Amino acid sequence: MQRAVNCAARHDYGRLFCPSYVRKCLAVNRVNGSVLSRRYSVLPPPLDEEEKAMLASMLRVDHAGEYGANRIYAGQMAVLGRTQTGALIQHMWDQEKIHLEKFNEILGEQRVRPTLMLPLWNISGFLLGACTALLGKEGAMACTVAVEESISEHYNSQIRTLMEVDPERYKELLQVIKEFRDDELEHHDTGLENDAESVPGYLVLKTLIQTGCKAAIYISQRI
């Protein structure tokens, strides 16, 4: 029985990055009126190899960031899911699931492979979420503030780049990034409002987490 469950889990994990599976899921979501249904146009084909490489790097790291955020919230829910903080964490996690679903769709349509580091981000993200949650609600919120601040800053950097290159050509992608950036800022503010700064060693913890985020961003852009 356990072997069958493990096989099913591996099968589902493999399907996550299959373009045909993503398209099938989106079709079902459209019929059901789900918030995961397609809301944006397909990105235009790259004009040249330079643009193709730029977009691939950008999409790969965005996908990795949303994947890592999902794993962090999963780790937090494993520890705090049955506490009063569980509903708040679940709400933020649900928004991150939408972000990840969208980047799964875009990667499939643009034929961009995810970063090869996903297995590591899978484990490290969950452990980060779970370990900070063991410090209590304040620890989980401190982690949220650190991670979401890093992600929103990275999104802002991408927005500036796309605006400088061709804002009209990248209108749809800019719309996606700006919406997701605003969600991340909302999560950041939520963390501050829920006593993130009261956890012992807040500044040290925040600095360590954000250093890890910057390293993950650098690696995911290139591998």
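Let's start in the loop between α7 and α8 (202–222), where you will find Asp-195. This is a predicted model, and in it the phi of Asp-195 is near 70°, a positive value in a residue other than glycine. Most residues other than glycine have a negative phi. Asp-195 counts as partly exposed, with 38% relative accessibility.

Another residue of this kind is waiting in the loop between α4 and α5 (118–133): Arg-111. Its phi is near 55°, again a positive value in a residue other than glycine. Arg-111 is exposed, at a relative accessible area of 78%.

Now turn to the helices themselves. Helix α4 spans residues 86–110 and helix α7 spans residues 171–193; the two pack with their axes 11 Å apart, at an angle of about 160°. Angles over 145 degrees count as roughly antiparallel, and α4 and α7 are therefore roughly antiparallel to each other. Their crossing is left-handed.

Our last stop is Arg-60, in helix α3 (residues 49–80). Arg-60 is buried yet has no salt bridge. The nearest side chain of opposite charge is that of Glu-49, 11 Å away, while a salt bridge calls for a side-chain nitrogen within 4 Å of a carboxyl oxygen. What does Arg-60 touch, not counting residues up to four places away in sequence? Its contacts are Val-112, Arg-113, Pro-114, Thr-115, Ser-220, Gln-221 and Ile-223.

Note on methods:
Residues numbered from 1 in each chain as written. Predicted model: local features only at pLDDT ≥ 70, side-chain atom pairs only at ≥ 80, totals over all residues. Heavy atoms only, no water. Helix = DSSP H or I, 4+ residues; strand = E, 2+ residues; numbered from the N terminus. Buried < 20%, exposed > 50% of the residue type's maximum accessible area, 1.4 Å probe, protein only. Lys, Arg positive; Asp, Glu negative; His and termini not counted. Contact = heavy atoms within 4.5 Å. Axes fitted to C-alpha atoms, helices over the stretch in contact; angles between N-to-C directions. Parallel < 35°, antiparallel > 145°, perpendicular 65-115°, else oblique. Left-handed = near helix turned anticlockwise from the far one by under 90°.
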